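Subject: Structure handover

Hello,

Here is the structure we discussed.

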Amino acid sequence: MQRKVFDRKVFNRKLVLITGGCAGIGRALAVRMAQAGARLVIFDLHQDVLDGLVQHLADHHNAEALGLCCDVSDAEAVQRAVTLVIERYGGIDVLVNNAGITHRSPVASTSLAVFQRVMAVNFYGALHCTQAALPSLIARDGQIIVLSSLSQYAPVPNRAAYNASKHALHGLFETLRGELSDTGVHVMLVCPGYTATDLRKNVLVGDGSTAPSPVLDIGRVASPQDVAEAIYQGALRRRPLLVHSNLDWKARLLARWCPRLYQQLLLPRLLGSRT
């Protein structure tokens, strides 16, 4: 994708906060924002991994970065971390709600604790970070970028808690977009397709334990770098919705307008898997 000369100036010296930023799309987007001259704050769960990423950004991209160990499902921990960021840097220009977990189990055999944990990270984590950062984002005409999923359009079997959390994100942030219409804050929802991340390596199963999940047999898998570049370009243009789909558009139309046919034609492939 061709990059324009002015691209680097848009985020130069802007403070970009990325949750779940040590791996996958979050890490790729941290690198892309660093290339654009942004200052970065990364939230994740393991300080040693955060320190390694911060060092990489400094060594390879000459980027100013801070890694903070923060569980986004903990509202008080998020508030403390965001307060520290604002005190240190003066404010937040871009919030990327990227942290997320998934599961693989049918509804009938998924414990309530799994539903609660997935919602705590995927939905409430984004809510906690957004509420904590919102005064600063309003003051700085900032941006909120939310990582949703293509499951918003074509739900995947055995992912009910995950699918529900992503639908909830759309309800929350589409409402927030309307509430912020008279401010300078922009909200972009991002719906990636199947992406080669580490998310599937520690998938919750029905009893709350973790296990690796096979790759779904659904065609080409995108790289985190490709998705990060698409998000970056969408943020430059302040797009309200970005669907970065490697699932054929006909499949998405089937899921939306012909759900019975979708179940007959595509669900057998989604229920299957490949290693």
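**Cavity**

The largest cavity has a volume of about 70 Å³. This is a predicted model: local features need pLDDT of at least 70, side-chain atom pairs count only at pLDDT 80 or more, and totals for chains, interfaces and linings use all residues. Residues are numbered from 1 along each chain as its sequence is written, and side-chain values use heavy atoms, with hydrogens and water left out.

A cavity here is a set of points on a 1 Å grid, over the protein atoms alone, where a 1.4 Å probe fits but cannot get out; lining residues have an atom within 4 Å of a point. Points are joined across faces, edges and corners, and a volume is the space filled by probe spheres set on them. The count is one cavity of 30 Å³ or more. It has 14 lining residues, with Asn 97, Asn 98, Ala 99, Asn 122 and Ala 126 closest to the centre. Helix 5 gives the most, five residues. Helices (H or I, at least four residues) and strands (E, at least two) are DSSP runs, numbered from the N terminus.

**Pocket**

The second largest pocket has a volume of about 150 Å³. A pocket is an open set with protein on both sides within 12 Å along at least five of seven lines. Its lining has 11 residues; Ala 28, Val 31, Arg 32, Gln 225 and Ala 228 lie nearest the centre. Two elements give two or more residues: helix 2 (24–35) and helix 7 (224–236). Helix 2 has the largest share, six residues.

**Cores**

The largest nonpolar core has 36 residues. Such a core joins buried Ala, Val, Leu, Ile, Met, Phe, Trp, Tyr and Cys residues through side-chain atoms within 4.5 Å. Buried means under 20% relative accessible area, exposed over 50%, partly exposed in between (1.4 Å probe, protein chains only). Phe 11, Leu 40, Ile 145 and Ile 231 have the most contacts inside this core. A second, separate core of 34 residues includes Phe 43, Val 72, Cys 129 and Leu 176.

Ile 145 has contacts (heavy atoms within 4.5 Å) beyond its neighbours within four places in sequence, including Val 94, Met 188 and Ile 231.

**Cysteines**

How many disulfides are there? Zero, counting pairs of cysteine sulfur atoms within 2.5 Å. The sulfur of Cys 129 is 6.3 Å from the closest cysteine sulfur, in Cys 70, so it is too far for a bond. Cys 129 is buried, at 0% relative accessibility. The Cys 69 sulfur also has its closest cysteine sulfur in Cys 70, at 7.8 Å, too far for a bond. Cys 69 is partly exposed, at 46%.

Best wishes
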